[in-house]
Each structure stands twice: as C-alpha cells, then as structure tokens.
Amino acid sequence: VMTEMTNVSAEARITLGCTGMYDDRHVAAWRRVTDFVHRESFSKIGIQLGHAGRKGSTLPPWQGQDVPLESGGWETIGPSALPWDTRHAPPRVMTRADMNRVTADFVRAAERSVLAGFDLVELHCAHGYLLSTFLSPLTNQRDDEYGGSPESRCRYPLEVFQAMRAALPQEMPMSVRINASDWAPEGTSEEDVLTFARLLKRAGCDLIDV
C-alpha cells in the first residue's frame with residue numbers, strides 16, 4: 001500500500017489540502033493509518049515523500065485544476081526561473097542554502113516516517129515536481145554543477161536520496177519514482193533515465209517506480 005505524495009514542508013505542498021510529514025502531529029496521525037494496515041492485513045505500507053516545487057501554491061483540484069492561490073500562497077522554488085504555466089509566477093532559483101534546507105526537510109520527513117511505522121520510503125522525482133525539474137533538460141537550465149549533462153542534472157536529486165538513505169535504518173527499503181519521458185520534444189531521453197537509474201542503484205536504491 002502506498003500513500004500519495006506526502007510533503008516534506010508546508011512550502012513543499014501542492015495545495016493547502018495536501019498531506020505532510022513535517023510536524024510531530026503528522027507522525028501520530030499517520031501512525032493510526034500504518035497501525036490499521038498492519039493490524040488488519042498482511043500488507044506492507046510505504047510513504048511517498050516529495051516537494052511540489054514550481055507546481056505548488058495552488059487551489060485544491062476540486063476548486064480549479066492547477067490554479068494559483070490568490071491569497072495565502074507561498075513563494076515556489078526550482079532549479080531555474082521557468083514558470084509551471086502562464087498563470088503561475090516563475091519560481092525562485094534555488095541557492096545552495098535552499099538545497100541544504102530542502103535536503104534537511106526530506107531527511108526529517110524520512111526519520112518521522114520511521115516513527116510513524118512505515119515499511120518503505122519512496123522519494124518522488126517525477127511528475128514535474130521539484131526534483132523532477134532538476135532531472136529534465138527542459139526545466140533545468142542551470143550553468144553550475146547542477147545543470148547541463150545528465151550526470152549533473154542528477155546531482156541534486158541524488159544528494160537528497162543519499163542523505164535520506166543514510167538517515168533510514170539499513171534494513172528499511174527505499175524506492176524512487178521517476179519519469180521515463182517528459183512527453184515533449186528535447187525532453188528527458190532514455191539515456192537520461194538509465195543514467196539516473198544506474199546512479200541510484202550505486203547509491204543503494206532498492207526499487208525504481210517508473
């Protein structure tokens with residue numbers, strides 16, 4: 001059993017209605033769910049942790065699909081200042097300090113997931129959310145060590161994975177969700193996908209969810 005994307009900070013949410021794992025109260029709430037699954041079935045349950053990036057600060061889908069919040073919103077971040085679409089403001093380009101902060105958010109969320117009784121942690125690197133935008137050549141136009149070649153575009157998502165993997169119990173499996181394609185010209189190639197997969201395997205990834 002897998003959760004939907006569960007966000008690692010309040011600013012990592014897509015909408016105000018999204019779930020989180022960034023507060024001790026979230027641990028207790030999720031523990032009710034994992035205890036139920038373990039008590040009532042033979043199933044294992046995993047949590048998918050992610051950050052919305054430039055797709056954040058929007059209305060819940062039943063109030064309008066991908067519509068930016070008019071009030072109560074927050075500044076979004078990304079590898080480059082490219083907006084999600086014409087209705088959205090461009091994200092702020094992430095600095096090294098931003099990367100450190102977001103990595104720490106992912107690590108704390110992973111640690112809380114252990115306390116909440118999950119059996120697996122999945123890192124969300126797909127669907128155009130934050131880590132996905134680092135991987136794609138269409139959304140990552142950086143000219144530093146985090147942009148350019150497939151290996152460089154993988155660098156930050158891989159840093160996040162490695163930090164989370166180090167924080168989790170050794171016996172706890174960890175998976176990563178990735179895109180096989182951007183469905184757009186000049187987007188993610190098969191070789192890009194294979195490069196990231198090989199690097200993830202070397203870093204200790206147990207499962208890749210494509």
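At what angle do the axes of H1 and H2 cross? Point 2 takes this up, after a word on the model.

1. **Basis.** This is a predicted model, in which local features need pLDDT of at least 70, side-chain atom pairs count only at pLDDT 80 or more, and totals for chains, interfaces and linings use all residues. Residues are numbered from 1 along each chain as its sequence is written, and side-chain values use heavy atoms, with hydrogens and water left out.

2. **H1 against H2.** The two axes cross at roughly 40° and come within 9 Å. Axes here are lines fitted to C-alpha atoms, for helices over the stretch in contact, and angles run from 0 to 180 degrees between N-to-C directions. H1 and H2 are therefore oblique to each other. For angles, under 35 degrees counts as roughly parallel, over 145 as roughly antiparallel, 65 to 115 as roughly perpendicular, and the rest as oblique. H1 brings Asp24, Val27 and Arg31 to the contact, and H2 brings Arg112, Val114 and Leu115. Contact means heavy atoms within 4.5 Å. By class, this contact of H1 with H2 has three nonpolar, no polar and three charged residues. Ala, Val, Leu, Ile, Met, Phe, Trp, Tyr, Cys and Pro count as nonpolar, Asp, Glu, Lys and Arg as charged, and the others, Gly among them, as polar.

3. **The core.** The largest nonpolar core holds 42 residues, and Leu49 and Leu123 have the most contacts inside it. Such a core is a set of buried Ala, Val, Leu, Ile, Met, Phe, Trp, Tyr and Cys residues joined through side-chain atoms within 4.5 Å. Elements giving two or more residues to this core include helix H1 (24-40), strand S2 (46-50), helix H2 (96-115), strand S5 (120-125) and helix H4 (150-167). H4 gives the most, with six residues. Helices (H or I, at least four residues) and strands (E, at least two) are DSSP runs, numbered from the N terminus.

4. **Leu49.** Its neighbours within four places in sequence are left aside here. Among the contacts of Leu49 are Thr6, Val8, Phe106, Ala110, Val121, Leu123 and Met164.

5. **H2 against H4.** These axes come within 9 Å and cross at roughly 35°. The crossing of H2 and H4 is right-handed. On the H2 side stand Arg96, Met99, Val102, Thr103, Phe106, Val107, Ala110 and Glu111; they meet Tyr156, Glu159, Val160, Ala163, Met164 and Ala167 in H4. The contact of H2 with H4 has 10 nonpolar, one polar and three charged residues.

6. **H4 against H5.** Here the axes are 10 Å apart and the angle is about 30°. H4 and H5 are therefore roughly parallel to each other. The crossing of H4 and H5 is right-handed. From H4, the residues in contact include Pro150, Cys154, Leu158 and Phe161; from H5, they include Thr195, Phe196, Leu199 and Leu200. The contact of H4 with H5 divides into nine nonpolar, two polar and four charged residues.

7. Most residues other than glycine have a negative phi. Ser57 lies in the loop between S2 and S3. Ser57 counts as buried, at 8% relative accessibility; buried means under 20% relative accessible area, exposed over 50%, and partly exposed in between (1.4 Å probe, protein chains only). Trp183 also has a positive phi, of about 55°. Trp183 lies in the loop between S6 and H5. At 81% relative accessibility, Trp183 counts as exposed.

8. **Thr58.** This residue lies in the loop between S2 and S3. Thr58 is buried, with a relative accessible area of 2%.

9. **Pro83.** Pro83 sits in the loop between strand S3 (77-78) and strand S4 (92-93). Pro83 counts as partly exposed, at 33% relative accessibility. Beyond four places in sequence, Pro83 touches Arg54, His88, Ala89, Pro90 and Pro91.

10. **Gly148.** The loop between H3 and H4 holds Gly148. With a relative accessible area of 49%, Gly148 is partly exposed. The C-alpha atoms of Gly148 and Pro137 are separated by 7.5 Å, and the two residues are 11 residues apart along the chain.

Methods: Left-handed = near helix turned anticlockwise from the far one by under 90°.
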